[in-house]
Amino acid sequence: MKEIYSNTQRAILWLGDYSDTAVPSHPNAVLSRGEVKAAFGIAEDLAADRHHDTPEDREIAEGYRALDALLKVPWWQRIWTVQEALLPKHAVLRYGDTEMPFARFWKAFDHYFAQSYRECCGEYWLDFTDTSSNVISCLQTAIDYRRLLSHDQGLVFSVLISTFRGRLATDPRDKIFGLSGLAGTLVADYSLQPKDVFMRAIRTTITDSGSLAPLLRTPEPDRAKDLPTWAPDCCAKLGPEAQHSWDMVWFGLFAAFDAAMGTKAAMLNPSAGPVLPLQGLLVDEIYEVVVHGICRDRDEFCAMARRWQHTTETVAKRNHGVYPRGGTYKDAFWRTMVGDMILHEFDAQGTGQSRRAKASDEANCRMLWNPNGDHSMGVPFSRDRQFFTTRAGLIGIGNPGPKVGDAIYVLLGGRVPFILRPTPKKQDGATLLEYVSPAYVHGIMDGEVMKEKREPSWVHLI
Ligand SMILES: [Zn+2]
């Protein structure tokens, strides 16, 4: 499949037929010729970064309504259309006899997101429902796809799986196979059970890329019990869509840090079975977890941050204010709250970029959990996450799930640390561990643990 699409010079992405033609030949004939022209007209405007700031203009309002309808045609919901759109050199969206290059269409949304983010115009035009938010994540990933390719294939793979796994596939194995042409060398093999496909996808991508990014995934509260903890369950139901976009923040963190100092993942017998043997260094153990549920609003987020701050102050007292890996607890706290990153800064051109936090960002960052702070500062990294402290007095944040006694590891090929849970099970004398979450642990994000020059040991994940 990959070859077919990659060698295609020009691909037509067929969205549907006009509803007002005499005999609609396509079941997706939901938009009239006029609506399609209006929708692509608005998209062309946005691609040229024209701003529509006159909500009373009827023609423009109808254009946006048509664009919204265009994003709801079934083509956007199918898993196989992702490769079809991203692999060919020139893909063209076509509805009836109206066309627009796909690259120009996602340029339109690149501008649309930037306009919405700056709150100048944009955001009141499209009413994103569940259906269109799925499409939005598709377009955002399409926009990011080329940027992502400068990172490792493992990261591209996990971003794609996490973004598109909610799409429709008649066969659950296609949640992997339908995307495998975009990253890695996984070959579609329908003799395998879905469970084996999910495991093989992770093994193959880690082996190919040397990166542990494939371990990143969106939390799966309903995952199958018989699947190893390190493999995604692409059949599991996911949380609300909004949660998903926050989970995506981990991918940005993974690209920005270098906890394992550029090392490649080492895998023992990367053939099969439920055990995934990796190499790494045990850093610490979780000492305290400050449990907090989903933040329903900003007030709850601020209240949660105050509890975390209080916990940090208690640990600081125990350690006489000196953070174990250098610096102060005060500094460690605000940097941990934002994952030491300033996310999606928009420059004059409207291109979203993330960067590492600087000392001068402190005041702005603290406004995120100040009840009287600026409400428009974007989604904080720590929202709906889990705060923890370690035995040595480090502080950090992971996905919901870590427990007291969980181990913090830096694994070869892992650009962020991971939280793993020791089990009573053993294999050849070695303890078997469960995968829990990637983590931001302040003070060990930039290779500090690797610089200790300890000998890595085998870590067996089940
Ligand atoms: Zn504007």
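Let's start with strand β10, which is joined to strand β11 (residues 430-441) by seven bridges, the two running antiparallel. Helices (H or I, at least four residues) and strands (E, at least two) are DSSP runs, numbered from the N terminus, and two strands pair if DSSP finds at least two bridges between them. What you're looking at is a predicted model, where local features need pLDDT of at least 70, side-chain atom pairs count only at pLDDT 80 or more, and totals for chains, interfaces and linings use all residues. Residues are numbered from 1 along each chain as its sequence is written.

Stay with β10 and β11 for a moment. Q427 stands opposite A430 in β11. The hairpin has two residues between its strands, and D428 takes a positive phi near 50° there. On to β9 (residues 407-411), which pairs with β10 (residues 418-427) in the antiparallel sense over three bridges. Y409 has F418 in β10 as its bridge partner. These two strands also make a hairpin, this time with six residues between them, and G413 in the turn has a positive phi of about 90°.

Now for a sheet. Strands of a sheet pair through backbone hydrogen bonds, either parallel or antiparallel. Here three strands form an open sheet with mixed pairing, in the order β1-β2-β3. At the edges sit β1 (10-16) and β3 (98-101), each pairing on one side only. From one strand to the next, the twist averages 25°. Strand β2 (residues 90-95) runs antiparallel to β3, with four bridges between them, and R94 has E99 in β3 as its bridge partner.

Helix α2 (residues 33-47) lies across β2 and β3, at about 20° to β3. Axes are lines fitted to C-alpha atoms, for helices over the stretch in contact, and angles run from 0 to 180 degrees between N-to-C directions. α2 also packs against helix α3 (residues 58-70) at an angle of about 100°, with the axes 7 Å apart. That's why the two helices count as roughly perpendicular (65 to 115 degrees).

Which residues does A39 touch, leaving aside its neighbours within four places in sequence? They are G63, A66, L67 and L70, where contact means C-beta atoms, placed from the backbone, within 7 Å. On the α2 side, the residues meeting α3 include E35, A38 and I42.

Note on methods
Two residues are in contact if their C-beta atoms, placed from the backbone, lie within 7 Å. Angles under 35 degrees count as roughly parallel, over 145 as roughly antiparallel, 65 to 115 as roughly perpendicular and the rest as oblique.
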